[in-house]
Structure formats: C-alpha cells, structure tokens
Amino acid sequence: MPDKEWIKTLKDGRRVKFIYQELRRDGAFVTAQIERNEVVYSVLLTKARNPLTREDVESHFNTELASE
C-alpha cells in the first residue's frame with residue numbers, strides 16, 4: 001500500500017506534515033514534522049488495527065505538538 005501523507009494547520013498556525021505507512025502483519029509507521037523544523041516525530045505501531053484514520057495518526061502526536 002502506498003504511503004498516505006497530508007498537511008494539517010494547527011490552531012496556532014503551525015503546519016504539520018503527517019505520514020502514515022501500513023506495514024505487514026497489522027503494523028504501521030507514522031510520522032509528524034512541523035514545517036521548517038528538522039525534528040521528525042516517529043512511532044512504530046506493532047498492532048495498528050489497519051487501516052488507521054487521519055485522526056488515529058494525529059492523536060499519537062498530541063503531546064509532542066502541544067509542547068512546541
């Protein structure tokens with residue numbers, strides 16, 4: 001399955017690029033990168049219950065995105 005990616009603008013105006021990649025055996029690799037920021041937050045999920053929704057992916061980064 002091809003990667004899914006999208007950009008979301010947060011309430012404070014920052015733009016975040018999310019990437020969701022399904023892996024074999026119900027795994028998933030998800031990332032979030034804030035625009036103009038070299039830091040990329042990544043999570044490897046071993047039991048992802050694929051397919052994940054955008055909200056599922058975004059929820060994995062609530063803490064990281066709130067602390068910027």
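**View 1. Glu 58 and Lys 8 pair up in a salt bridge.** In this predicted model, the N-to-O distance between the two side chains is 2.9 Å. Glu 58 has a relative accessibility of 12%, so it counts as buried, with the cut-off for buried being under 20%. Lys 8 comes in at 34% and counts as partly exposed.

**View 2. Glu 5 reaches over to Lys 17.** Here the closest N and O atoms of the salt bridge are 3.4 Å apart. This pair, too, links distant parts of the chain, with Glu 5 in strand β1 (residues 4–9) and Lys 17 in strand β2 (residues 15–23), twelve residues apart. Glu 5 is partly exposed, because its relative accessibility is 47% and the exposed class starts over 50%. Lys 17 is partly exposed as well, at 33%.

**View 3. Arg 14 holds on to Asp 12.** Zoom in on these two side chains and you'll find another salt bridge, its closest N and O atoms 2.7 Å apart.

**View 4. Arg 15, Glu 35 and Arg 36 make up a network.** As for the overall tally, the structure holds five salt bridges.

Conventions:
Residues are numbered from 1 along each chain as its sequence is written. This is a predicted model: local features need pLDDT of at least 70, side-chain atom pairs count only at pLDDT 80 or more; totals for chains, interfaces and linings use all residues. Side-chain values use heavy atoms; hydrogens and water are left out. A salt bridge is a side-chain nitrogen of Lys or Arg within 4 Å of a carboxyl oxygen of Asp or Glu. Helices (H or I, at least four residues) and strands (E, at least two) are DSSP runs, numbered from the N terminus. Buried means under 20% relative accessible area, exposed over 50%, partly exposed in between (1.4 Å probe, protein chains only).
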